[in-house]
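Please look through the sequence and the 3D structure shown below before reading on. The report after it takes up a few local features in turn.

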Amino acid sequence: MTHVLEERKTAKGLILATIAIAQLLLVLDATIVSIALPTAQVDLAISDSGRQWVVTAYTLAFGGLLLLGGRISDYAGRKRSFLIGLIGFALASALGGFAVNQGMLFAARGLQGAFAALMAPAALSLLAVTFTGERERARAFAIFGGIAAGGGALGLLLGGLLTQYVSWRWCLGVGTPIALVTAIVAAVVLTESRAAGRTRYDVTGAVTVTAALVALVYGLSNASSQGWSAGLTIGLIAAGVVLLVAFWIVEHRSANPLLPPRVLQERNRGGSYLVGLMLGTALLAFFLFLTFYLQLILGYSALRSGLAFLPFTLGIGVGVGVGAKFATLVRPGVLIASGLLVAAAGLALLTRIGVDTSYWTHVLPPVVLISLGLGLTFGPVQSTALVGIGAADAGVASAMVNTTQQIGGSIGTALLNTIFANAVTGYVADHGTGAAALATIHGYAVTFWVGAGILVVSAVVAIVFITATRAEAAEAAGRAGPA
């Protein structure tokens, strides 16, 4: 009996490792190109206005197609979807590494996002149906969530290493061998699971919501150059809103909706998704603008910038460990809100940076606070997203966790960049062109304040809406198992 238990433990360990590596690939890819982007822009002659699409082509495809990916994983099979996603992601990564122009690079990034949209919900559903004990489930979700947070900083470090010592192309190509090896292991250790019955896929809903997100991001991006009152800005944002309304109408009338209204009607799940949306937006204020500050103001190299984020990864690990212990002691809403407030305090402290401030006194302490707070938060956010869900909706509910974070990241890239640009322009108008460096610092500070405010609001959302007990959260993944 002991031997059998040990074998089961080893098998579950391999499953967790496989799913964790796949999740790491996804979050690495969202940030690894950030440090490599200046070099890639020069090599492929990408314009300043076009370079953001290296990031948003990925996040838009990822966020826009995640719901469809969740539905496919439910009915076509979670293991099958996971494997197809891994292999497709590997091939798209190779395509990006060999890109000869910006169109090829943007297309590769979009394909990476599309295959990631198939892989991610399948991974979370497989995690849910594999780990059913309260303690092992809390630990598994904490590790999974910690990777989602810490992997972003690891991507910045790896991006710095590859860009400085090899080539920016390997920031994309490195995903190919990792994904292929993970697919081979997954084919052996994973067991297939799917929801009962068969369904048709809501392609109309997928196209509508993706078009809505593209219009919103274009509109927000356009505001930074032409202003909020420009006709194109207003038209694009209005089109995005209209398309979102159309998407909601389509879902209510569809026999096989991409996002069944019942998925959002449970308050804990709705609260979890809203927190994920705001968290994705606020994280951009941290990663994106702190990277700019380190390289453009303090003069850090790509590698040194990556190393500067290393304490963030370590702090996430500590936060995940503490969060896993408290997950069995306090209700998830309290744990989530506590972590968000700690992270908000870290972002607020970052507003003290200046032209020549020290990394050790003005950057490191906030980075540690932010990482600890997020480490506490990500695990319970993942688990409460599945509270009260049935087997038929496990994939789409899982997909919504990543969907909200990716959508938040896409919109946040455009929105915060516009806020930054307006803050810099306003400061220069008030103080003259000789204050350009101070204006840039002011722009960074404004975005950090906005990010902190978003996290505070999300903490309130967590307290008000996420009222599930720790037992209910622990049982959530078990109820998401296959029929």
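This is a predicted model: local features need pLDDT of at least 70, side-chain atom pairs count only at pLDDT 80 or more; totals for chains, interfaces and linings use all residues.

Helix 7 covers residues 175-189, and its 15 residues reach 21 Å from the first C-alpha to the last, which is close to the 21 Å expected at 1.5 Å a residue. Within helix 7, the residues G175, T176, A179, T182, A183 and A186 are buried. When helix 7 is seen down its axis, these buried residues fall within an arc of 130°, so they line one face of the helix. The face turned away from that buried side carries the exposed residues V181, I184 and V188.

## Helix 13, a second case

Helix 13 runs over residues 310-326, and at 1.5 Å a residue its 17 residues should span 24 Å, a value that agrees with the 25 Å between its end C-alpha atoms. Its buried residues are F312, G315, I316, G319, V320 and G323. Seen down the axis of helix 13, the buried residues fall within an arc of 145°, and therefore they line one face of the helix. On the face of helix 13 that is turned away from its buried side, the exposed residues are L314 and K325.

Rolling a probe the size of a water molecule over the atoms shows where empty space is left. In this model the count comes to 4 cavities of 30 Å³ or more, and the second largest cavity has a volume of about 80 Å³. This second largest cavity is lined by 13 residues, of which L25, L28, D29, V174 and G175 are the closest to its centre. Two or more lining residues come from each of helix 1 (2-43), helix 3 (78-97), helix 6 (170-173) and helix 7, and the largest share, 4 residues, comes from helix 1.

Residue G175, which is among the residues closest to the centre of this cavity, is also one of the buried residues of helix 7. G97 has its place in helix 3, and at 10% relative accessibility G97 counts as buried.

About 460 Å³ of space lies in the second largest pocket. Of the 19 residues that line this pocket, L244, F247, L259, M400 and I407 are the closest to its centre. At least two residues of the lining are supplied by each of helix 2 (53-76), helix 8 (203-226), helix 9 (231-253), helix 11 (267-297) and helix 17 (394-431), while the largest share, 5 residues, comes from helix 17.

## Aromatic rings

A pair of aromatic rings is described by the distance of the centres and the angle of the planes. A search of the whole structure finds 9 aromatic pairs, and one of them, formed by Y359 and W360, is edge-to-face, with 5.2 Å from centre to centre and 80° between the planes. Which of these two residues is buried, and which is exposed? Y359 has a relative accessible area of 9% and counts as buried, because the cut-off for that term is under 20%, whereas W360, with a relative accessible area of 63%, is exposed.

Elsewhere, F289, F292, Y293, F420 and Y444 form one aromatic cluster. A ring can also have a charged side chain over it, as with R304, which lies over the face of Y300 at 3.9 Å from the ring centre.

## Two single residues

A123 is found in helix 4, which spans residues 102-130, and at 2% relative accessibility A123 counts as buried. Although A123 and S73 are 50 residues apart along the chain, their C-alpha atoms are separated by 9.3 Å.

A45, by contrast, counts as exposed, at 62% relative accessibility. A45 is found in the loop between helix 1 and helix 2, and A45 has a positive phi of about 55° although it is not a glycine.

Note on methods:
Residues are numbered from 1 along each chain as its sequence is written. Side-chain values use heavy atoms; hydrogens and water are left out. Rings of Phe, Tyr and Trp (its six-membered ring) pair if their centres lie within 6.5 Å; planes under 30 degrees apart count as stacked, over 60 as edge-to-face and the rest as tilted. Buried means under 20% relative accessible area, exposed over 50%, partly exposed in between (1.4 Å probe, protein chains only). A charge sits over a ring if NZ of Lys or CZ of Arg is within 6 Å of the ring centre and within 35 degrees of the ring normal. The expected span of a helix is 1.5 Å times one less than its number of residues. The arc is that of the directions from the helix axis to the C-beta atoms. On a 1 Å grid over the protein atoms alone, a cavity is a set of points where a 1.4 Å probe fits but cannot get out, and a pocket is an open set with protein on both sides within 12 Å along at least five of seven lines; lining residues have an atom within 4 Å of a point. Grid points are joined across faces, edges and corners, and a volume is the space filled by probe spheres set on the points.
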